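These entries record what I looked up on the packing of helices and strands.

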Amino acid sequence: MLNRRRFNQISLGALGLGMASCNQSKHLTNTSIGQPLSNADLLIWWEQGFLPEENEQINQLIRRWEQTSGKVVDLKLLPIPLIDQQLTNFISQSESNQIPDIVYSVGVDASLAPKFAWHDQLVDLTDVIAPIQKKYTSIALSHVFYHNQVRKERSYYALPLWQSDDYLHYWESMIEEIGLSQQDIPREWNQFWQFWRMSQKELRSKGRSQIYGVGLCMSAIGFDTYTSLKMFMDAHNVNVVSESGEFLLRKPENRQQFITALQEFTSFYLQGYTPPQSARWTGAGNNNSFLNSEILMTQNLTMSIPLTQKLRHPQYDRDAIARYRQIVTLDRPLKVDGDELLTRKGTKQAIVPKNSKNPQLAKEFLSYLVRPDNLMSLLKSFKGRVFPVMPELFTDPFWNEPNDPHLASALNIFARPSYVPYEVMHSAFSEVQNQQLWAKTVLKVVQDKASVVESADWAITKIQDILQLAEKKV
């Protein structure tokens, strides 16, 4: 079976081969931040790709721009944690000559853009967005409309590139073992989760003694715990922050709903329906467990789980096509009150730090980057893991695979409305995420054995302190 671990080995092997050829070019650096090239007109930090094609496509696009513009680009392909850490360090040293002109990573929207915009440390990209504003979805635009506390205004301090949703996947082949099918999965919230508990018991009684019905992440690594807990909070109508930035979680009705959501979420771990190792999972932990058939269902931030079965490595895996169809991408359950449960889309963004060397040239490059044909070439390199923020791009045949069940499900989810991220309403929530406070709240219950009430009140106090500190700093 081509599990996530084996998939990573294959991908990284291919990446190594790809980088060996690309490193002969001045355009590609992927080992460390290092010193910028002395002759470079632009310094770009770009997230190191999940697939080798992602790295190659951004490299090719930059080479084309260099040829037409006559400019030189120093492109550094970097791990996400290094980008998050070093960008914060360099921006705090406003005179640093290592501040990049452009930054892209999946952590920009949750961790970087909100706090830098709040402190007036990003270039306003309105003049990049304005000529193409009608091409974007309203959701994408709302996700980059950040508050600048220094200037007391909101504006477009990031550029939308693509988006992802969070998806629920399960093994149809496993529930068939207990005589059930997708039609038997309820959409009502309580019944939905009870279905997976019941399925675990049934599968164990039939010999799958190590199977877990649910794969919810409980660790303080990455974004998975944060994402899953928010789904439970949304289902229970927990209001955390208003659009004006007012902290609502401390209000009695929201505090009580938060306690209820936290108790329900952590009960899957405490009652043995999600694996003990879920408290230690890295970003790939649930992927590995799911692809190794250790868990029946899970939630994931991109379509990378089914993608692992779609990549063509027949010498390693001859049954991938069959398993691709045995995995099902499932619609969300309804909220507790029966209303539709909206998604929390992640709009992936590029930013331009204000103290970079050449912000005007950076905007010129970004205007080139977001031409529809350029965006589409980059999107194709993701192999369907992420989706356009410009609806016109869906006319490309790449998105027209009527027999692909995962693509059809993902497109239906794409069309759903979305909540506005907490960190767009108030940038201090980016610091809440940086400190992993949501995940630490979960761990207080499942590892430290604190009561749910004590853990919820701890989180409310910590978040309130962060918000108050953010207001004082400006």
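Entry 1. I take contact to mean heavy atoms within 4.5 Å. The model I am reading is predicted.

Entry 2. I then looked up helix 8 (residues 189-205), which lies across strand 8, strand 9 and strand 10. Helix 8 runs at about 125° to strand 9.

Entry 3. In which order do the three strands of the open sheet lie? I read the order as 9-8-10, with antiparallel pairing. Strand 9 (297-300) and strand 10 (327-330) are the edge strands, each pairing on one side only. On average, neighbouring strands of this sheet are turned by 30° against each other, direction ignored.

Entry 4. I followed the pairing of strand 8 (residues 167-171) with strand 9: four bridges join these antiparallel strands. Tyr167 stands opposite Asn300 in strand 9.

Entry 5. I next examined helix 2 (residues 52-69) and helix 15 (residues 372-381), whose axes come within 8 Å and cross at roughly 160°. Because angles over 145 degrees count as roughly antiparallel, helix 2 is roughly antiparallel to helix 15. I recorded the crossing of helix 2 and helix 15 as right-handed.

Entry 6. Which residues make this contact? From helix 2 I listed Glu53, Glu54, Gln57, Ile58, Leu61 and Arg64, and from helix 15 Asn374, Ser377, Leu378 and Ser381. By class, I noted three nonpolar, four polar and three charged residues in the contact of helix 2 with helix 15.

Conventions. Residues are numbered from 1 along each chain as its sequence is written. This is a predicted model: local features need pLDDT of at least 70, side-chain atom pairs count only at pLDDT 80 or more; totals for chains, interfaces and linings use all residues. Side-chain values use heavy atoms; hydrogens and water are left out. Axes are lines fitted to C-alpha atoms, for helices over the stretch in contact, and angles run from 0 to 180 degrees between N-to-C directions. Helices (H or I, at least four residues) and strands (E, at least two) are DSSP runs, numbered from the N terminus. Angles under 35 degrees count as roughly parallel, over 145 as roughly antiparallel, 65 to 115 as roughly perpendicular and the rest as oblique. A crossing is left-handed if the near helix is turned anticlockwise from the far one by less than a right angle, and right-handed if clockwise. Ala, Val, Leu, Ile, Met, Phe, Trp, Tyr, Cys and Pro count as nonpolar, Asp, Glu, Lys and Arg as charged, and the others, Gly among them, as polar. Two strands pair if DSSP finds at least two bridges between them.
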